[in-house]
Amino acid sequence: MTHLSLENVSVNFGAIAALNNVTISMNGPAKIGLIGPNGAGKTTLLSTIAGFVSASEGSVQLDSIDITRLSIQKRVALGIVRSFQTARLLNDESVRTNVLLGCQPMDGPGSVRQMFATPGYRKWNKLAQERCREIEEIVGISDIQNVQVAKLSSAMRRFVEIARVLVAQPKVLLLDEPAAGLDHSERRQLERILHRIAEQKPTLMILVEHDVAVVRNVCDYTYVLAEGTLLAEGATNEVLADQNVLSSYFGGAARA
Ligand SMILES: Nc1ncnc2c1ncn2[C@@H]1O[C@H](COP(=O)(O)OP(=O)(O)O)[C@@H](O)[C@H]1O
Ligand SMILES: [Mg+2]
C-alpha cells in the first residue's frame with residue numbers, strides 16, 4: 001500500500017497564492033481524480049508532489065518519509081513520476097526509444113549512449129527492453145514501436161508518453177490532463193488504457209483532468225480544487241453530483 005499526504009500545503013508564486021493550505025491524505029492503489037477550473041492550482045499540486053515546485057508552507061509525505069525538500073530525482077527514485085500537459089518526446093526517435101528513456105532515471109547506467117556495448121549496459125538494456133515491451137502491450141502501442149514519434153497523431157503521442165512514465169515503475173503516477181486535445185473516441189481509448197494500467201500495474205494514480213467525463217469514467221475518488229483551495233472531496237459520483245461543485249465551478253460543462 002502507498003500512502004501520500006499533503007499537510008497544510010501552500011504555494012506562492014510572488015503575490016499569487018496557487019495553493020492555499022491544502023491537506024490531502026491518499027492511499028493507493030487507487031484512481032484519484034483532481035478537477036477544477038483553469039488556474040485552480042491542479043498542475044501546481046502535481047508539481048509540488050513531484051518536486052518541480054517547492055511548498056512555501058506545509059509538508060508532503062510518502063509512506064511516512066518527509067519528501068517536502070527532496071529533489072525531483074530523489075522523488076523519482078522513491079517512485080513518484082509525472083506526465084506533463086504537453087507531451088515531451090524526442091520527435092526524431094522511435095516510439096521504443098522514447099519509452100526506453102523512461103527506464104533511465106530509476107536504474108539506468110546514466111545515459112543510453114554512455115557504456116554502450118559494455119556487459120553492464122547489455123544486461124540493463126535487455127531488462128529495460130522487456131519492461132518496455134510489457135508496458136507497450138498494456139498501453140496498446142506494441143504495433144508502432146518502430147515508428148518515428150513525429151509521424152504519430154497527438155493521441156498516440158500522449159499514449160507513448162504514458163508508457164514512458166509507466167516504465168519507471170511508479171508507486172505514484174501523476175497524469176496532467178492526458179485527455180487534452182483528444183477527440184471523443186480517443187478519450188474513450190484513453191479511459192480503457194487507464195483501466196488496464198490500474199488492473200495490471202496498480203499504483204496511486206492521480207489524474208488531473210479538465211474533462212469531467214473522463215474522471216467520472218475512471219476515478220474512484222475525486223478532489224475538487226478552486227482558486228488554490230480544496231472545495232470538495234469524496235466518491236467521484238457524489239462529488240460530481242454536488243450542486244455546489246457543478247453550479248459554482250463548472251456551469252453546464254460538467255454535464256457534457
Ligand atoms: N511558475 C509559475 N509562476 C507564476 N505563477 C504560476 C506558475 N505556475 C502557476 N502559476 C499560477 O498559479 C495559479 C495556478 O496555476 P496552475 O496550477 O497551473 O492551475 P491549473 O493547472 O489548475 O490550471 C494560476 O494563477 C497560475 O497563473
Ligand atoms: Mg494545469
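Residues count from 1 along each chain as its sequence is written, while chains are lettered from A and ligands numbered from 1 in the order in which they are written. Because the model is predicted, local features need pLDDT of at least 70 and side-chain atom pairs count only at pLDDT 80 or more, whereas totals for chains, interfaces and linings use all residues.

Let's start with an open sheet of six strands, in the order 6-7-8-3-9-10 and with mixed pairing. Its edge strands are strand 6 (80–82) and strand 10 (229–235), each pairing on one side only. Neighbouring strands here are turned by 15 degrees against each other on average, with direction ignored. Helices and strands are DSSP runs numbered from the N terminus (helices H or I with at least four residues, strands E with at least two). Two strands pair if DSSP finds at least two bridges between them.

| Strand pair | Bridges | Direction |
|---|---|---|
| Strand 6 and strand 7 | Three bridges | Parallel |
| Strand 3 and strand 9 | Four bridges | Parallel |
| Strand 9 and strand 10 | Six bridges | Antiparallel |
| Strand 4 and strand 5 | Two bridges | Antiparallel |

Arginine 82 is bridged to leucine 174 in strand 7. Valine 224 has a partner on either strand: isoleucine 35 is bridged to valine 224 in strand 9, and valine 224 is bridged to alanine 232 in strand 10. Strand 9 and strand 10 form a hairpin with two residues between them, and glutamate 227 in the turn has a positive phi of about 50 degrees.

Across from aspartate 66 in strand 5 stands glutamine 61. Contact between two residues requires C-beta atoms, placed from the backbone, within 7 Å.

Helix 1 also lies across strand 3 (30–35), strand 6, strand 7, strand 8 (204–208) and strand 9 (221–226), running at about 150 degrees to strand 7. Axes are lines fitted to C-alpha atoms, for helices over the stretch in contact, and angles run from 0 to 180 degrees between N-to-C directions.

Two backbone details are worth a look. Asparagine 8 lies in strand 1, and its phi is near 50 degrees, a positive value in a residue other than glycine. Proline 29 sits in the loop between strand 2 and strand 3, and a cis peptide bond with omega of about 5 degrees joins glycine 28 to proline 29.

**The ligand shell**

Helix 1 turns up again around ligand 1. The surrounding residues are Phe13, Ile16, Ala18, Gly36, Asn38, Gly39, Ala40, Gly41, Lys42, Thr43 and Thr44, where being near the ligand means a C-beta atom, placed from the backbone, within 6 Å of it. Strand 2 (16–28) and helix 1 (42–50) each supply at least two residues of this shell, and helix 1 gives the most, with three residues. By class, the shell has four nonpolar, six polar and one charged residues. Here Ala, Val, Leu, Ile, Met, Phe, Trp, Tyr, Cys and Pro count as nonpolar, Asp, Glu, Lys and Arg as charged, and the others, Gly among them, as polar.

**A helix pair**

Finally, the axes of helix 5 (residues 119–139) and helix 6 (residues 154–166) come within 9 Å and cross at roughly 140 degrees. Helix 5 and helix 6 are therefore oblique to each other, since angles under 35 degrees count as roughly parallel, over 145 as roughly antiparallel, 65 to 115 as roughly perpendicular and the rest as oblique. The contact is made by Ile135, Glu136 and Val139 of helix 5 with Phe159, Ile162, Ala163 and Leu166 of helix 6. By class, this contact has six nonpolar, no polar and one charged residues.
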